[in-house]
Amino acid sequence: LMDANTLYYGDNLDILRRYVRDETVDLVYLDPPFNSNQSYNVLFAEKDGSRAAAQIKAFGDTWHWDEAASRLFEETVEAGGRVSQAMQAFQKLLGNNDMLAYLTMMAPRLVELRRVLKPTGSIYLHCDPTASHYLKVLMDGIFGPVNFRSEITWKRTNIHNDSKGWSAVSDILL
């Protein structure tokens, strides 16, 4: 199935389900988008290395509770188990909002990453402080709290003052 020398382009949930066998991955570093409210594009270069006008949308970092999020939430809940329980608890706590839409997107991907991770493997999840506590609970539901090793705070070095509120000064690695 999966070839170590192949780059897959597409939704990682689909790629994981279609091409990656159980317990074949040693290390996962996951840096999912969150909270930038931007669209990210893939830029193409001309043969001489200059930037070309051609680009395509790679992904949008905007999460909204909509019909698609609701369907994915129901699929995740219907699968049962601790992930289902965690998602139902998040819904009771948060309501049907953008954060729940984000967690709904993350849950099946983390489940698939657990499936493909070797028993001796490691996963590092890079996130920001607005979601890290929810993601930690979700990961405990998937990987088991006994497998949690550490929360690493990554302090940014290019911090600017923000007169309208607290500056974002760190990211989290779980």
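Predicted model: local features only at pLDDT ≥ 70, side-chain atom pairs only at ≥ 80, totals over all residues.
Local features need pLDDT of at least 70, side-chain atom pairs count only at pLDDT 80 or more, and totals for chains, interfaces and linings use all residues. Residues are numbered from 1 along each chain as its sequence is written, and side-chain values use heavy atoms, with hydrogens and water left out.

Start with the fold. The chain holds 5 helices and 6 strands. Both are DSSP runs numbered from the N terminus: helices are H or I with at least four residues, strands are E with at least two. Their order along the sequence is α-β-β-β-α-α-α-β-α-β-β. Of the 174 residues, 35% are buried (under 20% relative accessible area, 1.4 Å probe, protein chains only).

Next, the helix pair. The axes of α1 (residues 12-19) and α4 (residues 98-116) come within 10 Å and cross at roughly 30 degrees. Axes are lines fitted to C-alpha atoms, for helices over the stretch in contact, with angles from 0 to 180 degrees between N-to-C directions. So α1 and α4 are roughly parallel to each other (angles under 35 degrees). The crossing is left-handed: the near helix is turned anticlockwise from the far one by less than a right angle.

Now the surface. L27, Y29, Y124, I152 and W154 make a nonpolar patch of about 540 Å². Patch residues have over 30% relative accessible area and no salt bridge, and nonpolar side chains are joined within 5 Å. β1 (25-30) and β5 (152-155) each supply at least two of the patch residues. I152 lies in strand β5. Its relative accessible area is 39%, so I152 is partly exposed (between 20% and 50%).

Methods
Patch = residues over 30% accessible without salt bridge, like charges linked within 9 Å, V, L, I, M, F, W, Y side chains within 5 Å. Areas by Shrake-Rupley, 256 points an atom, 1.4 Å probe, with all protein chains shown as cover. Salt bridge = Lys/Arg side-chain N within 4 Å of Asp/Glu carboxyl O. Parallel < 35°, antiparallel > 145°, perpendicular 65-115°, else oblique.
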